[in-house]
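Please look through the sequence and the model below before reading on. The briefing that follows takes a few places in turn and describes what surrounds them.

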Amino acid sequence: MEAVCKGKQWDVLLACRPDGTVEGALPYLHGSRYGLRYILQPELTQYNGPWYNHPEGSTSAERIALENRVGEALAKQLEALRINIFSQNFSPAVTNWLPFHWASYHQTTRYTYRFPSIADPDALISQASGARRKNLSTLAGTCTVDTSTLTPETFARMHNGYWKRRLGNDLLTEDFVARVCTAALERGQGLLWGLRNEEKLLCAAFVAYDERCAYALLSAANEEAPANAQTYLDWQMIRHLSDRTQAFDFEGSMEPGGEFYYRSFGTEQTPYFHITRCRPTLLRHLIKL
């Protein structure tokens, strides 16, 4: 949150037991515009939502009871903030949004594409489509994975040029991209790798990770890069991370083209909740329009 919210306002709501033990938390980016107070998803942050401090060995009933208790406490705190627009993606790990439903929030199911376990990369490759497996064989031995020379600043410029060619503009500034990459690399929780042939850098990707999951956050390619270059680089990064984290999240798109690409890796379609609320209710209709 510190990296993606620099220059903006962010905070954390806590739900605590009477003895002060923290049972749950909700980090959030907030601000105001045109007199309307909002909580929105930060750039390059796929998930926020509540975190629960489940005691080890909790039964299913005990876990749900804690989640309901925490959710109700967080919803009351959000009400006290007098937020007009709330919009957050909850992590796929959050499967209970009932307390927010009770507080008149709305839920839309979205999908990402994940490998729940990357402990055996070779087994994952065998589940991929024939086209993806062919991507690996055709580039093997012809390109080199660069794991150390690519800087955040160089990658940020490459990312900016890539999206300008595709969409006419990059929604992320070079400074923002470099800052987020630097923060993860300095904490030992990021990979910034490139794929080179004998002449030049073809493509690059940035992945952030912790002990639970890796997240494919950013990628970019030069005009000369073959179509299978990014696929090959993705597989090499997954293989490298197989003993560093448990899962890999492609943060897949809801668009048809993106959905097909991520699904073709043999990933699992994984639902997550998009939670919203607008006050007054008229705002919801205006936003739809």
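Helices (H or I, at least four residues) and strands (E, at least two) are DSSP runs, numbered from the N terminus. This is a predicted model, in which local features need pLDDT of at least 70 and side-chain atom pairs count only at pLDDT 80 or more, while totals for chains, interfaces and linings use all residues. Residues are numbered from 1 along each chain as its sequence is written, and side-chain values use heavy atoms, with hydrogens and water left out.

**Two loop residues with positive phi**

- Most residues other than glycine have a negative phi.
- Tyr 34, found in the loop between strand E2 (22–33) and strand E3 (36–40), has a positive phi near 55°.
- Tyr 34 is exposed, with a relative accessible area of 79%, where exposed means over 50% relative accessible area, buried under 20%, and partly exposed in between (1.4 Å probe, protein chains only).
- Arg 82 also has a positive phi, near 55°, and lies in the loop between helix H1 (60–80) and strand E5 (85–89).
- At 66% relative accessibility, Arg 82 counts as exposed.

**A buried serine**

- Ser 264 lies in the loop between helix H8 (256–263) and strand E12 (268–278), and with a relative accessible area of 9% this serine is buried.
- A polar atom of the side chain of Ser 264 lies 2.6 Å from the backbone oxygen of Tyr 261.
- Leaving aside residues up to four places away in sequence, Ser 264 touches Ala 128, Ser 129 and Arg 132, where contact means heavy atoms within 4.5 Å.

**Cysteines**

- The structure holds zero disulfides, a disulfide being a pair of cysteine sulfur atoms within 2.5 Å.
- Cys 143 is in no disulfide, and the nearest cysteine sulfur, that of Cys 203, is 8.1 Å away.
- Cys 143 is buried, with a relative accessible area of 14%, whereas Cys 16 counts as partly exposed at 43% relative accessibility.

**A nonpolar surface patch**

- Trp 10, Val 12 and Leu 14 form a nonpolar patch on the surface, with about 240 Å² of accessible area together.
- Patches are made of residues with over 30% relative accessible area and no salt bridge, with like charges joined within 9 Å and nonpolar side chains (Val, Leu, Ile, Met, Phe, Trp, Tyr) within 5 Å.
- A salt bridge is a side-chain nitrogen of Lys or Arg within 4 Å of a carboxyl oxygen of Asp or Glu, and accessible areas come from the Shrake-Rupley method with a 1.4 Å probe, where for residues only the protein chains shown count as cover.
- Val 12 lies in strand E1 (residues 9–16) and is partly exposed, with a relative accessible area of 33%.

How values were computed
A polar contact is a pair of N or O atoms within 3.5 Å; within protein, one must be able to donate a hydrogen and the other to accept it, and residues adjacent in sequence count only if both atoms are side-chain atoms.
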